[in-house]
Amino acid sequence: ERSPANVVLETIVPQLNGRLARNGPQVYPSYIGYVLENLSALRLPQSAEMAVVSFIRNADNRLAGSFAPESMQALLHMMYVGACEYYGPVKTDEMLAAAVSDAELLPQALLFPPRMLL
């Protein structure tokens, strides 16, 4: 069974990436490239890194395996930095806030508040 933290992250990331793709389709591939190129900085085991790559490339996919909240937070932070680089901090903050608001509606958010990943 998936942890509440996984469910929350599995909601935030596709929501954020979907918004980014719609708000700047011309830079979205560069943003995804940034995220994928910087995954090694998270120092995840190879199997976990491969799971994250699959998850990022397939926005409707579930994140295979369980990750520590600290790893999820580091991933989301790295995605945030990349989005700021390509979309600017104002747009990124707006889109991340909307994605977090979506995740706050989940029943799992009572067990793992989405803002814990920020």
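Begin by selecting R2, which is partly exposed at a relative accessible area of 30%, where buried means under 20% relative accessible area, exposed over 50%, and partly exposed in between (1.4 Å probe, protein chains only). This is a predicted model, in which local features need pLDDT of at least 70 and side-chain atom pairs count only at pLDDT 80 or more, while totals for chains, interfaces and linings use all residues. Residues are numbered from 1 along each chain as its sequence is written, and side-chain values use heavy atoms, with hydrogens and water left out.

E10 is buried, with a relative accessible area of 10%. A search of the whole structure finds three salt bridges.

Next, select D102 and R19, whose closest N and O atoms are 3.0 Å apart in a salt bridge. D102 lies in helix α5 (residues 89-104) and R19 in helix α1 (residues 4-23), so this pair ties together parts that are 83 residues apart in sequence; helices here are DSSP runs (H or I, at least four residues), numbered from the N terminus. R19 is buried at 17% relative accessible area, whereas D102 is partly exposed at 26%.

Finally, move to E104 and R115, whose side chains meet in a salt bridge at 2.8 Å, N to O. The pair links distant parts of the chain, with E104 in helix α5 and R115 in the segment after α5, 11 residues apart. E104 is partly exposed, with a relative accessible area of 34%, and R115 is partly exposed at 48%.

Definitions and conventions. A salt bridge is a side-chain nitrogen of Lys or Arg within 4 Å of a carboxyl oxygen of Asp or Glu. Helices (H or I, at least four residues) and strands (E, at least two) are DSSP runs, numbered from the N terminus.
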